[in-house]
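This report goes through the packing, the strand pairing and the aromatic contacts of one protein model. Please keep the sequence and the structure in view while reading.

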Amino acid sequence: SSSRSNGSRRDSNVEEKLGSVSSGESEHLYSHQQNGEHNNNKADAVGACPDYIRENCKGNWHMEYEISVHQGPVHGISVSSSLGLVASASWDKTCKLFDVDRKVTVGELSGVHDKGLYGVQFMKTNPEVLATVSSDHTAVIWNVPNRSCLFTLEEHTDEVNGLSFHASQDILATASDDRSIILWDVAVGEKLSTLLGHRNSVYGVCFSPVSSLLASASFDWYTKLWDTRINTV
């Protein structure tokens, strides 16, 4: 089944999810125009790579094997370590599910998008749910075990380029050529808020793994950081 959100739902449950962000639009807290300058003091970088990870990444890397299951360019990829699955999003309008251990395709998510896919991501709080975004202006929430569509998210007015799930809440962010970012309540398939501020297509979004900070990247040469101020769901 699919669900179309009209953006008018603002009951107490939805308001609690966004805290002080209300009725649609949020101002960005920080905007940085990329100008080629770099911070060379890597020792002071927040979230610097731990030494034990650096050691584990050393050595000779080799390709384990290739996965060839699509009939068009593959634009997006996501891995679920708990399910042992790789999900790939393709211009052939499908998302394939590949079992890493058995090295076989175990499923296909299709029949909902009518144009090529740009991205896919497993939900952080529940890997049995994933989302895809497409040039058909929609995002789709899927049930992985049942290979079925839970919701079709249709508020964007242009191609949807990127997506990111919140690390600890049932929230999805989508980025679009319509210059907007939309936050969605994944549990009910409804829009929570629209973030406006970019002056050109928004190509990517990414939630912080430890907070409700959301970063966005755009063709307007800007990176923006947004405080979505989401309370505990």
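The largest nonpolar core has 15 residues, and those touching the most other members are Ala131, Ile141, Leu153, Phe165, Leu172 and Val186. A nonpolar core here is a set of buried Ala, Val, Leu, Ile, Met, Phe, Trp, Tyr and Cys residues joined through side-chain atoms within 4.5 Å. Two or more residues of this core come from each of strands S8 (129-134), S9 (139-143), S10 (148-153), S11 (160-165) and S13 (181-185). A second, separate core of 14 residues includes Leu85, Cys95, Leu117 and Val140.

The model is predicted: local features need pLDDT of at least 70, side-chain atom pairs count only at pLDDT 80 or more, and totals for chains, interfaces and linings use all residues. Residues are numbered from 1 along each chain as its sequence is written, and side-chain values use heavy atoms, with hydrogens and water left out.

Leaving out residues up to four places away in sequence, Ala131 has contacts (heavy atoms within 4.5 Å) that include Val140, Ile141, Trp142, Phe165 and Leu172.

Strands are DSSP runs of E with at least two residues, helices are runs of H or I with at least four, and both are numbered from the N terminus. An open sheet is formed by four strands in the order S3-S4-S5-S6, with antiparallel pairing; two strands pair if DSSP finds at least two bridges between them. S3 and S6 (104-109) are the edge strands, each pairing on one side only. S5 and S6 are joined by five bridges, and Phe98 has Thr105 in S6 as its bridge partner.

The structure holds three aromatic pairs. Rings of Phe, Tyr and Trp (its six-membered ring) pair if their centres lie within 6.5 Å; planes under 30 degrees apart are stacked, over 60 edge-to-face, and the rest tilted. Two of the pairs are listed here.

| Pair | Centre to centre | Angle between planes | Class |
|---|---|---|---|
| Tyr65 and Phe98 | 6.1 Å | 40° | tilted |
| Tyr203 and Phe219 | 5.9 Å | 55° | tilted |

Tyr65 lies in the loop between helix H2 (51-56) and strand S3 (74-80) and Phe98 in strand S5 (residues 95-99), so their pair ties together parts 33 residues apart in sequence. Phe98 is buried at 7% relative accessible area, whereas Tyr65 is partly exposed at 27%; buried means under 20%, exposed over 50%, and partly exposed in between (1.4 Å probe, protein chains only). Tyr203 is partly exposed as well, at 44%.
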